[in-house]
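Take a look at the chain below before reading on. The notes that follow go topic by topic.

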Amino acid sequence: MKFHTEYLTFHTKKHREYIHITPQVEGTVRNSGIAEGMVLVSAMHITAGIYVNDHESGLIEDIDEWLENLAPFRQDYQHHDTARTTGTRT
């Protein structure tokens, strides 16, 4: 069985961004030399996610609006302190 692992890193500037990664994933598959199989794409961060859908601006705007209504951006979320604390919050 052949396998290939590649890590992609993205640096975002806003509290929520959508990055079209299909070209990078296609390039990774092409460069791997593997002709058949499956691809696993995993977000390696607790506040990141992967979704599969059309890369269409209207759809992305709808998803963004839905997410903002579901979980509005706030500076006081406890997970913002995760990197600054080593124990439990009091």
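A polar contact is a pair of N or O atoms within 3.5 Å; within protein, one atom must be able to donate a hydrogen and the other to accept it, and residues adjacent in sequence count only if both atoms are side-chain atoms. Keep in mind that this is a predicted model, where local features need pLDDT of at least 70 and side-chain atom pairs count only at pLDDT 80 or more, while totals for chains, interfaces and linings use all residues. Residues are numbered from 1 along each chain as its sequence is written, and side-chain values use heavy atoms, with hydrogens and water left out.

**The chain as a whole**

- You'll find two helices and zero strands here; helices (H or I, at least four residues) and strands (E, at least two) are DSSP runs, numbered from the N terminus.
- The chain exposes about 8,600 Å², with carbon and sulfur atoms supplying 54% of that; the areas come from the Shrake-Rupley method with a 1.4 Å probe, and for residues only the protein chains shown count as cover.
- Count the contacts (heavy atoms within 4.5 Å) between residues at least 6 apart in sequence, and 45% of them join residues at least 24 apart.

**Arg16 and its partners**

- Arg16 sits in the segment before H1.
- The Arg16 side chain makes a polar contact of 2.9 Å with the side chain of Asp64, plus one of 3.1 Å with that of Glu68.
- Leaving out residues up to four places away in sequence, Arg16 touches Asp64, Leu67, Glu68 and Ala71.

**Thr28 in helix H1**

- Thr28 is part of helix H1, and Thr28 counts as buried because its relative accessibility is 15%.
- Its side chain has a polar contact of 3.3 Å with the side chain of Glu6.
- Setting aside neighbours within four places in sequence, Thr28 is in contact with His4, Glu6 and Leu8.

**The tyrosine pair**

- Rings of Phe, Tyr and Trp (its six-membered ring) pair if their centres lie within 6.5 Å; planes under 30 degrees apart are stacked, over 60 edge-to-face, and the rest tilted.
- That rule gives one aromatic pair: Tyr18 and Tyr51, edge-to-face, at 6.4 Å centre to centre with 85° between the planes.
- The two are 33 residues apart, with Tyr18 in the segment before helix H1 (22–32) and Tyr51 in the loop between H1 and helix H2 (57–70).
- Tyr18 is partly exposed at 27% relative accessible area, and Tyr51 is partly exposed at 40%.

Methods:
Buried means under 20% relative accessible area, exposed over 50%, partly exposed in between (1.4 Å probe, protein chains only).
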